Protein chains: 2
Amino acid sequence: MKLERKMHFSKDGKRYHLRDQKIMPKADTFLWNNSVLAHVTAMGFSQTQFMQPEPTMYSHAPQKSEKAAMAPEPQYFDHHPGRFFYLKNHDTQSIFSAPSMPMNMELDVYDFEPGLSDVRWTAEKDGMEVVIQFALPYGDDVVELWKVTVRNKKDEPQKVSLYPYFPVGFPSWMNTEGHYDDELGGMLAYALTPYRKLKDYDKVKQMKDYVYFIAHVKPVTWEANSAKFEGYGGLRNPDGIRHEGLSCTEASYETTICAMEHVLELSPYESKTIYFIFGPANNRDEVLTMKNKYLYPNAINDAVEQFNNLYEENKGCIQIQTPDETVNNFINHWIIKQIVYHAKTLRMVTDPQTRNHIQDTMAMTYLDPGHVKDLYKLALSQQSINGEMPDGILLTEDAELKYVNQVPHRDHCVWAAFAIGAYLDETNDVGFLDEKVPYADDETPETVYKHVCKGIEWLILDRSERGLSYIGQGDWNDPMNMVGYKGRGESVWLSQATVYAMKVWLPICQFFKDHKRVRTFESIVQSMNDTLNHVAWDGCWYARGFNDDGEAFGVSTDDEGQIFLNTQSFGILCGAASGERLDLLVNAVEERLTTPYGVTLLAPSYTYMHEKIGRVTQKHPSTAENGSIYCHANAFYTYALYEKGYGQKAYDILRTLIPGPDEHDMKQREHLPLYIPNYYRGAHNERVIGKSSHLMNTGSLPWIYRCFVEGLFGLKGKKNGLKIEPQLPKAFKDVSLTRVFRGKTLNIDMHQKEGMKVTEIILNGNKVAGNMVTMEAMKVNNDIIVNCPLTK
Amino acid sequence: MKLERKMHFSKDGKRYHLRDQKIMPKADTFLWNNSVLAHVTAMGFSQTQFMQPEPTMYSHAPQKSEKAAMAPEPQYFDHHPGRFFYLKNHDTQSIFSAPSMPMNMELDVYDFEPGLSDVRWTAEKDGMEVVIQFALPYGDDVVELWKVTVRNKKDEPQKVSLYPYFPVGFPSWMNTEGHYDDELGGMLAYALTPYRKLKDYDKVKQMKDYVYFIAHVKPVTWEANSAKFEGYGGLRNPDGIRHEGLSCTEASYETTICAMEHVLELSPYESKTIYFIFGPANNRDEVLTMKNKYLYPNAINDAVEQFNNLYEENKGCIQIQTPDETVNNFINHWIIKQIVYHAKTLRMVTDPQTRNHIQDTMAMTYLDPGHVKDLYKLALSQQSINGEMPDGILLTEDAELKYVNQVPHRDHCVWAAFAIGAYLDETNDVGFLDEKVPYADDETPETVYKHVCKGIEWLILDRSERGLSYIGQGDWNDPMNMVGYKGRGESVWLSQATVYAMKVWLPICQFFKDHKRVRTFESIVQSMNDTLNHVAWDGCWYARGFNDDGEAFGVSTDDEGQIFLNTQSFGILCGAASGERLDLLVNAVEERLTTPYGVTLLAPSYTYMHEKIGRVTQKHPSTAENGSIYCHANAFYTYALYEKGYGQKAYDILRTLIPGPDEHDMKQREHLPLYIPNYYRGAHNERVIGKSSHLMNTGSLPWIYRCFVEGLFGLKGKKNGLKIEPQLPKAFKDVSLTRVFRGKTLNIDMHQKEGMKVTEIILNGNKVAGNMVTMEAMKVNNDIIVNCPLTK
């Protein structure tokens with residue numbers, strides 16, 4: 001154990017190993033299918049939500065908890081929902097729990113092994129090994145598949161009891177109960193969704209209020225009653241396990257658990273495996289259906305295979321081999337998983353924010369461009385005829401705008417231009433622009449092109465006299481709700497994003513020979529950028545906005561929130577920043593916002609309420625929008641840097657978003673390089689800087705993926721073909737990759753070569769003039785050599 | 001220890017002792033002031049809510065919990081909020097926690113000692129004794145006062161560290177944090193009330209979002225960071241305490257605790273005391289104010305004294321000496337506390353259900369009749385001009401009808417008649433009836449008398465063609481929401497209650513010579529009772545109602561819910577049941593509803609959804625309205641039995657509502673005889689029958705108190721004086737009591753005497769003719785001897 005590395009990827013990069021219980025207990029991963037999102041930690045804590053249609057949990061702490069979806073920075077405690085397995089040796093009466101909690105004893109072997117499509121743990125103590133595997137089935141079914149193998153590692157027989165402990169909690173003040181159901185051969189719990197109003201009854205009837213936990217072999221004893229299980233020892237040392245056999249007591253309006261005892265007599269080195277299913281159901285028949293469908297030995301392997309196939313089929317437009325194993329694995333496998341999860345589930349809500357809906361879809365452009373069109377059309381069909389996009393996209397008939405979507409935000413019209421622009425770059429599928437979509441308030445369909453134009457035109461109208469965008473109760477920064485709520489405050493960021501949207505859209509207007517729009521947009525781009533540089537340039541960077549009293553904020557004279565990242569990123573993208581301004585701005589970001597864990601969203605973080613800025617200033621300093629290392633904003637910024645040729649600087653930041661392999665870095669973040677979290681903690685508190693939010697939902701994915709494809713590897717689609725303009729970081733002297741592009745496969749080797757002045761491209765043995773490889777020049781399979789000058 | 005009784009009252013009856021940790025861990029008590037309700041258990045768990053103006057908690061589990069007030073049957077777990085004290089011996093490094101949780105080790109001495117106005121625990125292990133005392137200040141302030149005395153019980157010096165652990169939790173996803181504030185000399189935490197909408201900001205600004213915990217001496221080390229405190233050992237064995245000194249780490253958007261270390265060097269037999277305050281505040285200045293006001297050694301004694309005085313001043317219209325010590329203490333002290341809590345706080349909500357508002361006030365009639373009038377007038381001022389009472393009474397300007405009060409119930413007009421009728425019996429204050437009150441929808445004030453008449457007349461109109469009351473979406477039984485939601489279903493109970501309201505009100509109509517109403521009410525009473533006996537009598541008892549399809553339920557042919565208690569109680573009270581019907585009905589209750597722990601509300605409990613009855617059938621069987629031993633309903637029934645002279649039967653039930661002193665009874669209920677809980681579990685599950693709901697809110701108090709005063713002791717106010725008609729149970733051969741009545745004091749001895757045929761009353765030495773002691777005959781102080789025939 002001591003000789004092995006404590007944490008590392010498996011050879012194929014599709015699994016990770018964390019072999020130390022104490023080094024990063026919050027390390028985590030997630031699994032998903034079309035209906036379920038399971039968040040799982042190294043210690044065995046787990047939160048699983050499913051859609052019915054709103055996000056619902058079925059395994060709870062012994063307390064009614066707030067109805068909410070996954071939140072950042074989950075806080076763990078002994079009774080936090082988890083999936084635990086106690087083991088008792090009958091001879092010695094010694095007990096331990098796997099994977100680690102609830103007993104949290106030091107194990108002889110510990111390995112947390114999240115895979116792309118499953119989660120595995122190995123725990124061994126005193127010659128008894130437990131291997132736990134967890135997966136979700138592919139598709140729509142809501143059921144957890146568990147497989148536990150207990151192995152006797154001694155050369156003498158051992159008799160052990162295995163006790164899985166799966167909590168149900170006490171979620172309903174109307175009725176929470178559980179018992180062993182002999183006919184089912186497993187535990188059946190029931191927790192009626194609490195309601196008071198008659199009109200809610202029909203909804204409640206549809207709820208999956210039963211919870212089942214069934215093993216493929218019948219248990220010897222069982223326990224549904226939490227208090228009986230824990231006794232005086234609690235979860236750390238349960239009386240129920242100290243005793244001979246569980247008490248077989250139902251839970252009758254009491255905290256409910258699904259615990260069982262399986263007695264295993266193991267010859268020397270023998271192992272035995274038990275399969276379990278755990279999940280919610282609307283009725284007993286549904287439980288039986290799930291049991292028949294999933295309680296067989298190969299179920300978990302089948303599920304893993306199906307998910308692996310899904311990722312293989314969507315493996316993205318690049319597969320890379322660089323000197324950085326972590327980056328290779330992340331780009332080749334793990335970001336793929338995260339992108340597919342986002343695009344297929346839209347974060348498991350029924351009303352994704354419009355901004356999220358579009359960007360979560362946008363990343364699929366590089367995996368399966370066919371997937372994005374219907375989702376964009378769905379969004380545009382909810383646009384108003386006046387061009388305004390709603391705050392959220394309703395995915396189901398019963399869906400309503402909830403939570404943050406009840407607060408009006410002004411930025412929702414910019415995203416379609418960015419996303420559809422990117423789609424056209426990658427596919428050149430101009431036909432999509434002619435497809436027709438109705439409006440929310442007008443059934444007459446118009447083309448996708450027109451919809452996007454109308455969105456931009458709504459933004460153009462929604463500006464102040466001097467031509468900056470109104471911010472109202474917020475833009476990208478949701479909780480920045482008091483800058484402009486009186487109707488006068490302006491968003492510099494939204495102004496820049498509006499200009500950038502026009503710049504992205506202008507070539508398309510030109511393609512459509514929409515001369516009037518071209519002229520209008522060009523003139524507004526020019527005048528807005530002039531205004532931005534005139535009023536919003538603070539000397540070394542762009543201000544964030546102007547409040548209802550016309551006062552700038554996000555400027556050097558502020559006591560807090562002096563500089564914001566997004567107005568620098570979009571200051572670059574919109575073209576306002578050039579020449580000296582560009583250098584000044586990049587330096588300011590480096591000096592004031594950059595940390596070893598990424599770039600903070602603003603600095604210094606707000607520490608008290610600023611009533612002319614709003615709710616964002618009340619969030620804990622350096623969390624979320626109040627100055628965290630918000631990955632979405634980092635991705636914007638690196639994308640902007642690549643646009644301007646700051647390749648090394650861009651990569652230095654991009655790389656910080658992916659943890660490790662440095663141990664200190666991993667420990668500080670407490671995050672494995674398996675997904676991009678929503679944010680890392682910002683700079684306010686040194687003790688917790690860099691800590692992961694452990695929230696797998698993030699808008700950063702399309703921008704990060706683009707940064708690799710179009711920025712770092714410089715393989716950007718153009719009308720006629722692929723432009724090749726790499727910006728390799730110094731550390732990547734030689735890389736090889738495969739790029740799939742409009743049906744062609746390009747096997748590319750890139751080399752930084754001493755003495756090269758300009759990049760040289762050799763396509764199938766022939767040197768290409770310039771940096772464009774046209775579609776005509778490509779065969780189905782191509783070998784490309786790219787020789788670049790050394791990166792400085 | 002083994003020689004002492006495990007549980008008993010103190011000599012003065014004002015404190016209880018539970019000297020065993022394991023026998024009833026859920027044993028509990030509550031403290032209150034005008035703004036705070038603190039629920040405290042034997043093991044140290046605690047939930048404290050305060051009003052701002054809605055009920056709010058400030059000490060949480062490490063999880064966002066549902067926003068809700070106190071609920072029945074709280075479920076405990078290691079991280080459930082509590083107030084805990086760890087002790088470490090510096091020499092031996094041994095650790096234990098007091099009062100019992102979180103370590104839950106076996107102690108040498110354990111004593112849970114709830115008092116009327118404080119809570120105390122004694123815990124001793126290995127020669128170190130900890131005495132913990134907790135109280136709330138009298139009045140409106142929201143602060144917990146704690147006093148901890150550590151005593152060295154050995155004849156050698158000992159050095160110990162005392163670590164109080166007061167959790168804050170992780171209540172806010174916007175900002176949860178905590179640290180030691182040097183200037184305050186204590187812990188200061190902050191948990192911003194989460195909000196999203198701009199319009200909520202002004203409300204949030206008013207919230208007490210700070211939490212402070214300050215000792216009167218500065219701690220040596222401290223901890224705000226839950227994870228640092230617990231480490232790998234968890235609350236059961238915290239790393240923080242194993243180490244030398246706490247880590248002095250802030251909580252920065254992390255689960256927050258207030259923990260401190262005080263090092264105490266104690267000579268042989270020496271003790272040292274530390275005082276703490278814990279509570280929420282709106283800002284730092286408020287913390288300082290509270291510190292100055294309450295952090296002094298005598299604060300807790302002052303608070304206890306003020307509350308004791310309050311109970312002394314409101315000690316009720318009887319003080320009794322019977323052979324049953326438990327009953328004496330309960331009636332003389334503990335029900336007084338519970339009544340005053342109800343009447344002064346109205347259950348700590350801003351919109352008490354109208355039914356609760358009136359009955360919680362009604363009990364004060366016997367303690368301080370002056371208190372009730374304004375509260376009744378407040379309720380009547382929210383009545384509609386058409387007579388209809390609202391579902392809840394709004395106590396503050398911002399209050400809204402919430403939760404169950406958004407469901408319309410049909411019974412709210414009956415309660416004022418009962419309550420004001422009782423007030424007149426006790427006080428003969430007929431002037432109150434002439435006081436004028438406006439309507440919610442008509443400012444022209446009318447007399448209290450008219451208001452009550454209009455309420456009854458609304459009930460008279462709200463009846464079916466055959467003259468039974470419509471039930472709509474529920475009556476007293478809130479969740480019986482599908483019997484009549486289509487507009488046709490009828491409530492037998494509400495019909496009976498309407499008749500009873502008229503019967504109570506008729507003498508008052510007669511007093512006002514309101515002949516027309518007298519005639520109308522008399523005729524309706526007669527016709528409704530005839531109808532009830534004709535259509536609702538099921539053979540041995542009254543049905544509960546008729547659903548929208550005209551089918552009776554609560555009848556012997558039903559598979560579940562065959563018989564309901566309330567239609568029997570009110571079947572008696574309304575006068576419908578007489579003669580053979582009365583006997584049959586009483587027998588049916590005895591046979592079908594009576595348990596050793598009280599009478600169940602219905603039987604058998606529903607075990608599946610009955611769509612023609614409603615939500616009540618979905619509640620867990622034998623909890624709450626679905627067949628629990630609902631104390632309110634027990635009180636109605638015993639009151640009805642006393643009305644009809646079933647004194648012994650009435651007392652047998654009444655006595656079951658007060659636990660103990662039998663140990664088996666106490667263990668099964670897990671309830672101390674310190675307050676009447678909302679319910680005890682009904683008969684569905686033998687394992688949990690009789691378990692207390694541990695909810696201190698109940699409508700039963702006025703009826704129970706009346707049962708003692710007017711029923712058992714038979715001391716009922718009449719227009720001209722006091723009628724004396726005791727119904728002593730067999731066990732009460734000789735009792736003495738003091739009755740305060742309309743300014744007079746009556747010292748009464750009652751005796752059951754062999755050979756007596758009729759009750760004999762001797763007032764100040766003179767035999768009274770009949771059973772009335774008129775006001776004229778009374779002096780200021782009176783001695784009365786009552787000799788009764790033996791009870792059979």
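Reader: In this predicted model, which residue forms a salt bridge with A:Asp324?
Author: A salt bridge here asks for a side-chain nitrogen of Lys or Arg within 4 Å of a carboxyl oxygen of Asp or Glu. The closest N and O atoms of the pair formed by A:Asp324 are 2.7 Å apart, which falls inside that cut-off of 4 Å. The partner of A:Asp324 in this salt bridge is A:Arg655.

Reader: How many residues apart in sequence are the parts that this pair ties together?
Author: A:Asp324 is placed in the loop between β21 (318–321) and α6 (325–345) of chain A, while A:Arg655 belongs to helix α17 (residues 647–656) of chain A.

Reader: How many salt bridges does a search of the whole structure find?
Author: The pair of A:Asp324 and A:Arg655 is a salt bridge within chain A, and between chain B and chain A the count is 6. Over all chains, the search of the whole structure gives a total of 100 salt bridges.

Reader: What area is buried between chain B and chain A?
Author: The contact draws 66 residues from chain B and 66 residues from chain A. On the side of chain B, the residues that lose the most area to chain A are B:Arg196, B:Leu198 and B:Tyr232, which together account for 14% of what that side buries. Carbon and sulfur atoms give 51% of the area buried between the two chains, and that area is about 6,000 Å².

Reader: How many charged residues does the side of chain B that touches chain A have?
Author: Between the two chains, 39 residue pairs are in polar contact, both residues being at pLDDT 80 or more. The elements of chain B that give two or more residues to this side are β14 (176–181), α1 (201–205), α2 (226–230) and β18 (251–252). Sorted by class, the side of chain B that touches chain A has 26 nonpolar residues and 21 polar ones, and the number of charged residues is 19.

Reader: What percentage of residues 317–714 of chain A is helix?
Author: An unreviewed UniProt entry annotates residues 317–714 of chain A as "domain: Glycosyl hydrolase 94 catalytic". The end C-alpha atoms of this span are 13 Å apart, and the chain over these residues is 9% strand, with a helix content of 44%.

Reader: What percentage of residues 80–294 of chain A is strand?
Author: The unreviewed UniProt entry gives residues 80–294 of chain A the annotation "domain: Glycosyl hydrolase 94 supersandwich". The end C-alpha atoms of this span lie 27 Å apart, and its residues are 12% helix, with a strand content of 46%.

Reader: Which residue is joined to A:Met101 by a cis peptide bond?
Author: The bond has an omega of about 0 degrees. The loop between β8 (95–98) and β9 (109–114) of chain A holds the proline of this pair, and the residue joined to A:Met101 is A:Pro102.

Note on methods
Residues numbered from 1 in each chain as written. Chains lettered and ligands numbered in written order. Predicted model: local features only at pLDDT ≥ 70, side-chain atom pairs only at ≥ 80, totals over all residues. Heavy atoms only, no water. UniProt positions renumbered as here; feature names shortened; annotations may be inferred. Helix = DSSP H or I, 4+ residues; strand = E, 2+ residues; numbered from the N terminus. Contact = heavy atoms within 4.5 Å. Buried area = accessible area lost by both parts, 1.4 Å probe. Polar contact = N/O pair within 3.5 Å; in protein donor to acceptor, adjacent residues only side chain to side chain. Nonpolar A, V, L, I, M, F, W, Y, C, P; charged D, E, K, R; others polar.
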